[in-house]
Amino acid sequence: QVQLVESGGGLVPTGGSLRLSCAASGRTFSIHVVGWFRQAPGKEREFVTQINWWSGENTEYTDSVKGRFTVSRDNSKNTVYLQMNSLKPEDTAVYYCAAGFRYSRTSGDYTYWGQGTQVTVSS
């Protein structure tokens with residue numbers, strides 16, 4: 001009922017920037033929260049940030065990205081962005097956007113997921 005497509009990943013040097021996009025389609029009126037998660041090989045999927053789909057309120061970030069990453073949504077309310085600045089090799093992971101019906105930092109609480117986009121930060 002909801003489809004999510006991530007884009008914007010790639011290879012970037014340490015200190016560089018990338019902007020990821022999460023485009024939603026389908027029954028987007030049912031979405032309450034959009035979250036970003038990331039997963040590196042051999043590691044657990046990690047919460048990055050979340051945002052209220054309609055209002056843009058209640059943005060929160062995991063401590064490791066505070067001051068460097070910013071989540072936002074455009075005026076059409078169908079795309080969420082993750083602006084990533086001052087990137088570090090530790091940020092290397094597959095980044096996923098997810099949509100759900102309530103705020104949560106737990107991946108299992110999100111209903112719809114994109115396929116992910118690879119972010120690689122070189123030293």
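User: Which residues form a disulfide here, and how far apart are their sulfur atoms?

Analyst: Let's start with the general idea: a disulfide is a covalent bond between the sulfur atoms of two cysteines. Here a pair of cysteine sulfur atoms within 2.5 Å is called a disulfide. In this structure C22 and C97 form one, with their sulfur atoms 2.1 Å apart. By this rule the count is one disulfide. A word on the source: this is a predicted model, where local features need pLDDT of at least 70, side-chain atom pairs count only at pLDDT 80 or more, and totals for chains, interfaces and linings use all residues. Residues are numbered from 1 along each chain as its sequence is written, and side-chain values use heavy atoms, with hydrogens and water left out.

User: Why is the disulfide of C22 and C97 right-handed?

Analyst: Look at the torsion about the S-S bond: it is about 70 degrees, so the disulfide of C22 and C97 is right-handed. C22 lies in strand β3 (residues 18-26) and C97 in strand β9 (residues 93-100), so the pair ties together parts that are 75 residues apart in sequence. Strands (E, at least two residues) are DSSP runs, numbered from the N terminus.

User: Is C22 buried or exposed?

Analyst: Buried means under 20% relative accessible area, exposed over 50%, and partly exposed in between (1.4 Å probe, protein chains only). C22 is buried, at 1%, and C97 is buried too, at 0%.

User: Which residues have the most contacts inside the largest nonpolar core?

Analyst: A nonpolar core is a set of buried Ala, Val, Leu, Ile, Met, Phe, Trp, Tyr and Cys residues joined through side-chain atoms within 4.5 Å. The largest one has 29 residues, and L4, W36, F69, V80, L82, M84 and Y95 have the most contacts inside it. Strands β1 (2-7), β3, β4 (33-39), β5, β7, β8, β9 and β11 (117-122) each supply at least two residues of this core. Apart from it lies another core, of five residues, including V33, F37, F47 and A98.

User: Where is N58, and what is its phi?

Analyst: N58 sits in the loop between β5 (46-52) and β6 (60-61). Its phi is near 60 degrees, a positive value in a residue other than glycine. N58 is partly exposed, at 42% relative accessible area.

Terms used: Helices (H or I, at least four residues) and strands (E, at least two) are DSSP runs, numbered from the N terminus.
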